[in-house]
Structure formats: structure tokens, C-alpha cells
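Hi! Here are my notes on this one, point by point. Have the picture open while you read.

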Amino acid sequence: MSHQDISLSEQEEIRREKLAQLNEMGVNPFPYSFDVTHTSTGIKADESLVRDEESNPESETVSIAGRVMTRRIMGKAAFFNLQDSEGTIQVYIRRDDVGVDNYNTVFKKLVDIGDIVGIKGFVFKTRTGETTVHAEEFEFLTKTIRPIPIPKEVENEDGEKVIFDAFADKELRYRQRYVDLIVNPEVRDTFRKRTHMVQSMRNFMNDRGYMEVETPILQPVYGGASARPFVTHHNTLDMDLYLRIANELYLKRLIVGGFDGVYEFSKDFRNEGLSRFHNPEFTQVELYVAYKDYNWMMDFTEKMIEKVAMDLHGSTTVKVGEHEINFQSPWPRIPMFDAIKEYTGHDLYGKSLEELKPIAKELHIQIDDTFGVAKIIDEIFGEYVEPKLIQPTFITDYPVEMSPLTKKHRSKEGLVERFECICNGKEIANAYTELNDPIDQRERLEAQAALRDGGDLEAMTIDEDFIRSLEYGMPPTAGIGIGIDRLAMIMTNSESIRDVLFFPQMKPE
């Protein structure tokens with residue numbers, strides 16, 4: 001903490017005074033532990049816990065902890081709402097049960113909204129039928145010295161509920177996710193779903209015998225994608241290293257080494273702009289399976305994501321914005337040039353750079369001298385086709401210039417065996433029949449290096465060690481990368497990538 005004066009609000013001053021009073025009374029405002037036996041939802045779900053003098057007089061004691069979120073004090077007794085990790089539950093507390101000092105001074109005067117307390121007692125139902133914990137013991141667990149922004153519900157003249165002071169500012173919610181999670185508990189469900197989604201995918205791959213591995217994040221040569229890297233420096237070795245933009249080239253080395261199927265949930269880093277769909281660090285899962293091709297990988301992908309939808313929603317149909325997206329397999333498979341022709345009327349197959357330039361102009365696509373054939377086609381596709389593809393669709397058979405790590409198409413000249421899965425107007429997966437010819441691979445990476453020298457900062461670099469690994473022989477292989485954040489946006493009906501990242505990258509405060 002800096003030595004400058006911290007200016008405290010009146011509320012913060014009052015809370016610090018209360019903290020001092022607790023210490024003076026000998027009440028530890030930050031004790032070490034508390035034995036929790038039950039959660040709010042667990043108590044509400046278990047009727048056998050409800051004490052009834054006639055039918056269930058000896059019901060078990062429960063011990064629960066959480067934040068005080070509302071209080072209604074009625075003299076010698078009070079009700080309050082306690083929020084734990086799973087929800088909220090009502091607590092009834094009486095002076096005669098918990099002691100005069102504990103009730104009159106600690107609970108009534110020194111507890112604030114947001115403070116964390118522990119309760120031991122029995123469960124009963126109020127006259128209105130609300131499941132409530134009757135506190136027999138009350139313990140202070142954590143004093144909060146900053147007020148929590150609790151929304152207030154007020155009824156207007158028409159009897160409608162109006163919420164004031166909600167912690168609704170998106171920017172503030174992303175910056176202070178810890179507060180967001182306290183006061184907007186539904187946000188927790190988004191992140192539980194995200195975790196459930198990853199577990200579902202992991203189980204799907206494990207059940208097929210594929211091995212989860214870890215590969216380097218700090219790489220001497222970055223590769224496996226077209227992107228600008230973050231650069232860092234290793235002092236002892238006196239060399240620059242790059243945060244990985246992908247883990248593809250390392251996973252392929254493992255296929256060379258003799259593993260038949262490997263996957264990794266990887267944090268990747270790309271030194272690019274922020275948007276609704278881009279964060280500088282993001283998560284993807286990459287999977288490589290020997291002796292398979294991209295046709296097999298399409299079958300695998302639609303089955304896995306269909307299972308994810310079932311696991312999360314109990315249905316293959318997921319509501320996203322105003323759309324109902326159906327993940328039931330099989331999904332449409334459309335060659336890229338067919339899709340472009342359908343949406344623009346232009347057949348771009350086999351066209352040269354000089355032929356593409358006027359078409360781009362006609363379609364109002366901004367291009368410059370650094371654009372090659374691939375970049376123009378990519379821009380046209382991104383502008384005219386991608387946003388229209390709402391239902392999951394495999395776009396297949398890309399131009400060779402766009403895919404330096406992909407095997408040439410077995411029957412179509414100038415194309416490669418690649419697909420992207422587009423869903424809700426955005427790419428969520430990218431897959432190849434992997435290029436395993438080391439001579440072809442070197443030529444393609446040299447072409448990328450030439451683009452780089454021409455000013456394309458996203459073009460790939462040559463990784464000599466990767467080419468050497470291919471020279472030892474990589475079997476025919478299918479590989480895929482699936483964007484976890486983007487898939488999570490769809491599966492949780494979230495508008496922005498920031499809604500599915502606990503701590504998204506923000507501009508400095």
C-alpha cells in the first residue's frame with residue numbers, strides 16, 4: 001500500500017470503527033475456520049431436515065456460512081438472508097438463543113450487509129412455508145470494510161418492482177468480477193456451465209483413449225496460427241521467447257513420437273485488439289489423431305459438441321439471442337467457394353490476385369498492397385458469408401494459400417483439406433487433414449516468410465525443429481482447434497467474450 005492518505009467514504013469509516021469495536025470486545029473479526037456441514041440449496045432440498053415437534057422433533061443440526069444480504073430486526077429477534085456459494089436461505093436469530101452481547105451488540109450493531117457469518121441450528125418452516133434456519137449459535141467470520149453495492153427493490157405506484165443501485169455497469173462488473181459474483185449470483189451459473197462444458201469435452205476425448213498433455217507456453221519460435229505474438233526475454237539464456245499463439249506444432253511432434261491421439265486445453269496469447277470476440281489471452285482445445293483425416297474429424301466434432309449441448313441443456317437445441325441453434329448431427333458441409341458464390345454471386349475459384357482485386361472493390365472490401373489471394377478471399381468470406389451462418393456449419397476446402405499447415409486436397413487443384421466450423425456467425429473451430437510432407441511444408445513456410453518480409457505481420461515463421469520432426473515421419477493425421485471461449489458464449493447465451501472470462505483484459509483504470 002502506498003504512503004499517501006487513503007480517502008475513505010463515511011461508510012468505510014463507520015465499518016473500520018466497527019472493526020475496532022469487535023477487537024475491543026475480544027471478538028476476532030477474521031477467525032481461522034468454521035465447520036460447514038450444509039449449503040442453502042442442500043437444506044432446501046432435504047425435507048428430512050425440517051424440525052417438527054410432532055413428526056420430527058430430533059432433526060439433525062445444520063451448520064452453514066455465508067454473507068448477510070438483508071436484515072429485518074424486530075427487537076429481541078430478527079430474520080436475515082444468508083448467501084452462500086449455492087444461493088440464499090433465510091435465518092431466524094433470537095437474543096435468548098445466541099446470548100445478549102452476541103445479539104444486541106455484535107449482530108444488531110456491528111454486523112453490516114456483506115459480512116460473513118457462521119450459523120449452527122435447526123431447520124424449520126415459517127407460517128408462510130419458507131424454509132428457515134433457526135440459529136442456536138452465531139459466529140462472526142469476516143468483517144467487510146467496504147460496502148457491497150446492494151440493489152434496492154422498490155414498488156412504484158403501479159405496484160411494479162423497480163430496482164435501484166444495481167451493480168449493472170458492464171465495465172465495472174468485468175473489472176471487479178468478485179463484486180459481480182456476490183451481487184449478481186446468476187453470473188456464477190455462466191461460469192459453472194463453462195466448467196461443465198470443458199469437463200464434457202474432456203470426458204468425450206478421454207472415453208476414446210486420447211491423452212491429455214501439456215506443451216510449452218514459452219516458445220523460441222511461435223507457430224501454428226497466423227497472429228502477432230507477445231514477446232518476452234529470458235535473462236539467463238539472453239534470448240527472446242514468445243508466448244504461444246497455438247500449441248499445434250508441439251502436439252504434432254508428439255504424433256511423430258508415436259502417440260495416436262493427444263489433446264491439450266491451452267491458454268494461447270495473441271497480441272491483437274480487444275473486441276466482443278477477442279481477448280489477448282484465450283482458451284482453445286487442440287486435438288490430433290493419427291491415421292484420420294478431416295472427414296473423420298467433422299464426424300467427431302459434431303458428435304462431441306452435440307453431447308456438450310445435451311450435457312448442459314438436456315437438449316441439442318440452445319437459445320442464443322433471438323436464435324434457436326440446433327447442434328443435432330449431422331451438420332451441413334459446404335465448400336468455401338460454393339458458400340462465397342451463394343452469398344455474393346462471384347465464383348472466386350482459381351482466380352488470380354489481379355482478377356480478385358476488382359471483385360473486392362465491387363464488394364466494397366478495403367484491401368492494400370500487402371494483401372495476397374488468401375487474404376482477399378478471407379475478407380470476402382468474413383464480410384459476406386460468416387455472419388449469415390447461424391446454425392453450426394462446416395465450411396470446407398480452403399485455398400492452399402490460406403492454410404500453410406494443411407494437406408493439399410486429394411481431388412481439387414489449389415485447395416486443401418481444411419474445415420472451419422461456423423456457428424452463430426463466428427468461427428468456433430478450425431481443422432485440417434494435417435500436412436505431413438516435410439518438403440512441401442518447408443516450401444509453404446518459406447512462402448509465408450516471404451509474405452512476412454512483404455509486411456504481413458501475421459504470416460508464419462519457419463520452425464526448423466518442427467520441419468526436422470516431420471522428416472522423421474508423421475503418420476496421416478487429423479487435427480482440430482476449438483475455441484473454448486466462443487463455444488462457451490454460445491452455450492451460455494452470452495453476448496461478449498468478457499461474459500465468459502472471469503477476468504477479461506481491460507484498459508487501465
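1. Helices (H or I, at least four residues) and strands (E, at least two) are DSSP runs, numbered from the N terminus. With that in hand, look for an open sheet of three strands in the order 9-11-10, paired antiparallel. Strand 9 (218–219) and strand 10 (231–234) are at its edges with a single partner strand each, so one side of each has no neighbour in the sheet. Strand 10 and strand 11 (residues 239–243) are held in antiparallel pairing by four bridges; one place to look is T232, whose bridge partner in strand 11 is L241.

2. A word on where this comes from. You're looking at a predicted model, in which local features need pLDDT of at least 70 and side-chain atom pairs count only at pLDDT 80 or more, while totals for chains, interfaces and linings use all residues. Residues are numbered from 1 along each chain as its sequence is written, and side-chain values use heavy atoms, with hydrogens and water left out.

3. Now the whole protein. It has 15 helices and 20 strands, and its C-alpha atoms fill a box of roughly 85 × 60 × 55 Å along the principal axes. Of its 509 residues, 48% count as buried. Here buried means under 20% relative accessible area, exposed means over 50%, and partly exposed is in between (1.4 Å probe, protein chains only).

4. Strand 3 (residues 88–94) is worth a stop. Five of its seven residues are buried, so call it mostly covered. Which strands does strand 3 pair with? Strand 2 (residues 77–83) runs antiparallel to strand 3, over seven bridges, and a hairpin of four residues joins the two. In that pair, Q83 has T88 as its bridge partner. Strand 5 (residues 131–142) runs parallel to strand 3 instead, with three bridges, and there Y92 is partnered with H134. In general, strands of a sheet pair through backbone hydrogen bonds, parallel or antiparallel.

5. On to charges. The structure holds 35 salt bridges, each being a side-chain nitrogen of Lys or Arg within 4 Å of a carboxyl oxygen of Asp or Glu. R94 forms one with D97, with the closest N and O atoms 2.9 Å apart. Both ends are partly exposed: R94 at 31% relative accessibility and D97 at 27%.

6. D299 is in helix 9 (residues 294–313) and R333 in strand 16 (residues 333–335), so the pair ties together parts 34 residues apart in sequence. D299 is partly exposed at 38%, and so is R333 at 35%.

7. What about D440 and R444: are they buried or exposed? D440 is buried at 12% relative accessible area, and R444 is buried too, at 10%. Their salt bridge has its closest N and O atoms 3.1 Å apart. The two are four residues apart in helix 13 (residues 438–453), which means about one helical turn separates them.

Definitions and conventions: Two strands pair if DSSP finds at least two bridges between them.
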